[in-house]
Amino acid sequence: MLTFVVRRLLTLPLILLAVTFLIVLVMQLIPPEQRAVAFTTNLQQLGRVQEIIKTNHLDGSVFEQYGLWLRQALSGNLGFSRTSGQPVVATLLSRFPATLELTLFTLVPLVWLGVWMGGQAAIHRNRLPDAVIRVIAVLGYSVPSFVLGVWLLVIFYGALNWLPGTGNLGNDSAILLMTGSVRHVTGLVTIDALLSGQLNIFWDGLKHLILPAFTLLVVGMPVLIKGTRASMIEALHSDYVRTARAKGITEQVVIHKHARRNALLPVATLISLSVSGLLQGAVLAETLYGYPGVGAWAAQAAAAGDLPGVLGFALMAATIVAVINLLTDLAYTLIDPRVRFG
Amino acid sequence: MSAVTSRLARQARPASRSVLARTFRRNVPARVGAVLIGLYLAVALLAPVLAPPQGNCRRALNLTETQTIPGPAAYLRELVAPPDACLQMPRQGFAAQPKPPAADTPLGSVGGYDIRYGLVWGTRTAFFLGLTIVALTVTLGGLIGLAAGFFGGLLDDLLMRLTDVTFAFPGLILVLVLVAALGPGLQNIIIALSLVSWAGLARLLRSEVLRLRELDYVAAAHSLGSPRVRIALRHVLPNALGPVLSIVVLEMGSLPIVAGALSFLGLGTPLGFADWGQLIALAQKWIQGPPGEPFAYWYVTLFPGLCIALYSLGWNLLGDALGEQLDPRNR
């Protein structure tokens with residue numbers, strides 16, 4: 001067990017090394033002069049492009065550049081983002097809590113609803129609930145997030161004006177936040193507001209989360225529904241379920257105690273996939289709803305050709321995905337006795 | 001009696017009908033999907049009629065004063081290798097304000113652009129993007145998967161680690177990096193999306209090839225003295241392509257949508273290019289109507305949105321049905 005955990009933990013830095021090397025490799029697609037611009041922080045420095053190329057070895061070999069990049073990255077320097085007007089690391093740190101908040105607010109209902117619906121579809125296979133749930137899944141697959149988001153905005157913001165259309169806080173709450181009436185504990189606006197007893201700010205933050213979270217939820221759910229449905233159907237057809245039924249155990253107990261527990265094992269992988277899906281979805285949803293997270297910034301950075309910004313975001317996303325995959329693998333050794341540590 | 005004979009007749013049919021035929025015979029969603037795709041294909045092929053060339057595009061195609069629909073040669077040229085001006089939505093004016101459906105703009109206009117023109121030629125763009133990227137992806141992923149699975153050893157290790165690294169990025173985020181590096185534009189979107197989506201196909205094909213290369217007929221070809229490359233390309237590859245079919249169909253549906261998302265983010269095609277994502281980006285400014293008329297600009301969001309959603313729905317229905325048919329657990 002311990003050797004497996006240690007060995008699996010050791011692969012994490014290897015993956016990150018490979019990923020970052022790939023990033024530096026991709027950078028070679030653009031000429032050194034253009035890459036040098038990324039090192040400038042103001043217009044005056046544009047005249048010193050050749051100098052910047054020399055000092056940063058931008059015309060050197062890939063390995064030389066990678067070594068240099070790695071040394072800087074390890075000392076916490078990922079470059080300067082033109083789009084945010086700040087160092088990349090500072091931008092990531094200041095914008096990540098908003099994305100984390102959105103992701104958490106989506107992930108919990110996403111997993112709960114997706115697994116529930118997938119299970120119901122499997123139990124009532126080829127009957128009405130199954131048909132309804134499969135229609136929901138197909139629609140979720142088909143309506144892209146940026147279309148769904150625009151429609152939701154037209155209805156709930158444009159026409160009904162029930163929900164705000166942009167940002168993560170209204171003006172009043174933002175001002176209250178700046179005056180320090182909310183203690184900075186987690187960095188997540190809603191949770192900090194709740195901890196400080198500011199119910200108005202909490203409610204305001206929640207209202208701003210509803211539309212983006214719902215958009216991500218609809219788009220992310222089909223994967224969970226289909227996956228859970230398939231694995232539940234397989235479990236319901238297994239020998240141990242037949243044995244349980246033959247012993248005369250009620251269908252309820254068979255489903256909940258025998259089938260579902262085993263069916264949920266592969267769902268752990270789907271949940272880690274969902275996190276990766278949410279990170280991608282955040283780029284679109286945050287842009288659409290003007291939500292101040294890392295995704296919206298990454299989209300701006302990409303459109304402006306702000307390479308350090310995009311690369312910083314990509315590195316962050318790849319790290320999160322690698323860590324989540326690692327945790328999933330480790331979780332399997334705990335929850336599934338059949339997975340031995342080979 | 002007749003019911004019995006028809007059932008017997010159905011059972012008597014050979015089991016080895018093509019996957020497509022079997023999929024359509026049982027599956028209503030698959031048929032709906034196929035009809036939808038057929039409609040979109042028709043729109044793409046009839047684009048010069050449904051949205052006749054205007055302005056610079058007319059001049060590029062050398063149309064006469066009275067001619068509205070291009071003649072056979074110009075028609076083919078506009079469809080296969082359209083001049084740049086024909087893929088640009090014609091401007092009806094420079095007023096940003098959307099205009100409701102009228103005689104010359106049956107689906108309304110937004111930002112001065114004719115929505116109908118954008119949707120019709122956007123359909124052509126979608127098929128062009130889908131076919132090009134899928135062709136590149138299948139070639140790249142296919143060769144990598146085949147080489148890794150068939151030759152094994154160090155090559156397999158190297159190629160599969162490359163696949164792992166590609167998979168380490170969430171797809172859209174790697175596309176973002178590539179587009180930021182290459183710059184926006186149709187050609188760069190095609191390159192970026194191809195460089196990202198080959199990995200899944202390579203893995204699938206490799207596992208198929210690993211299974212096939214141990215079969216007797218491969219050993220037979222080997223003992224007859226066929227060179228290894230010939231066995232790989234002539235004997236193994238064609239048989240490994242079956243499971244790829246459902247992925248290809250699903251990608252035909254999803255890749256143009258991802259391209260549309262990139263356009264929506266301002267990373268795709270240049271402003272005014274006839275593609276669906278552009279129209280949604282233009283529509284985004286008009287989600288709120290003037291006071292008292294909340295749905296005044298309904299046509300700006302509804303038509304492009306429906307167009308995208310139904311396209312995606314069609315390919316998804318067909319792709320899912322094919323996937324189910326190809327899954328041995330469902331036989």
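**Ground rules.** I am working from a predicted model, in which local features need pLDDT of at least 70 and side-chain atom pairs count only at pLDDT 80 or more, while totals for chains, interfaces and linings use all residues. Residues are numbered from 1 along each chain as its sequence is written, and chains are lettered from A and ligands numbered from 1 in the order in which they are written.

**Confidence.** I noted ipTM 0.85 and pTM 0.86 for the model. For pLDDT (the predictor's confidence in each residue, from 0 to 100), chain A averages 85, with 96% of the residues scoring at least 70. Chain B has a mean of 84, and 93% of its residues reach 70 or more. Where pLDDT is low, the predicted coordinates should not be read in detail. Here and below, I call two residues in contact if their C-beta atoms, placed from the backbone, lie within 7 Å.

**Chain A overall.** I find 15 helices and 2 strands in chain A; helices (H or I, at least four residues) and strands (E, at least two) are DSSP runs, numbered from the N terminus. The C-alpha atoms of chain A fill a box of roughly 80 × 55 × 40 Å along the principal axes, and of its 342 residues 40% are buried. Among the elements of chain A, α5(A) has the highest mean pLDDT (93), whereas helix α8 (residues 171-178) has the lowest (72).

**Helix pairs.** I then followed α5 (residues 88-123) of chain A to its contact with α10 (residues 199-236) of chain A, where the two pack at an angle of about 35° with their axes 6 Å apart. Axes are lines fitted to C-alpha atoms, for helices over the stretch in contact, and angles run from 0 to 180 degrees between N-to-C directions. The crossing of α5(A) and α10(A) is right-handed; a crossing is left-handed if the near helix is turned anticlockwise from the far one by less than a right angle, and right-handed if clockwise. By class, this contact has 21 nonpolar, 7 polar and 2 charged residues, where Ala, Val, Leu, Ile, Met, Phe, Trp, Tyr, Cys and Pro count as nonpolar, Asp, Glu, Lys and Arg as charged, and the others, Gly among them, as polar.

In chain B I checked helix α7 (residues 115-151) against α8(B): their axes come within 7 Å and cross at roughly 140°, and the crossing is left-handed. On the α7(B) side I see I144(B), A147(B), A148(B) and F151(B), which meet G153(B), L155(B), D156(B), L159(B) and M160(B) in α8(B).

**Where the chains meet.** How many residues of chain B are in contact with chain A? I have 37 residues of chain B in contact with 43 residues of chain A. On the chain B side, α9(B) gives the most, with 10 residues, and the residues of that side divide into 27 nonpolar, 10 polar and no charged.

**Cores.** A nonpolar core is a set of buried Ala, Val, Leu, Ile, Met, Phe, Trp, Tyr and Cys residues joined through C-beta atoms within 7 Å. The largest one has 165 residues, and those with the most contacts inside it are V310(A), A314(A), L176(B) and V177(B). Its largest share, 16 residues, comes from α7(B). Leaving aside neighbours within four places in sequence, V177(B) is in contact with I23(A), V26(A), V310(A), L311(A) and A314(A).

**Open stretches and positive phi.** Helix α11 (residues 216-223) of chain B has 8 residues, of which the number buried is 0, so it lies largely in the open. Just after α11(B), G225(B) takes a positive phi of about 90°. Returning to N126(A), I place it in the loop between α5 and α6 (128-142) of chain A, with a positive phi near 65°. N161(A), in the loop between α7 (145-159) and α8 of chain A, also has a positive phi, of about 55°, although it is not a glycine. N161(A) counts as exposed, with 11 C-beta neighbours inside 10 Å.

How values were computed
A residue is buried if 20 or more other C-beta atoms lie within 10 Å of its own, exposed if 12 or fewer, and partly exposed in between; C-beta atoms are placed from the backbone.
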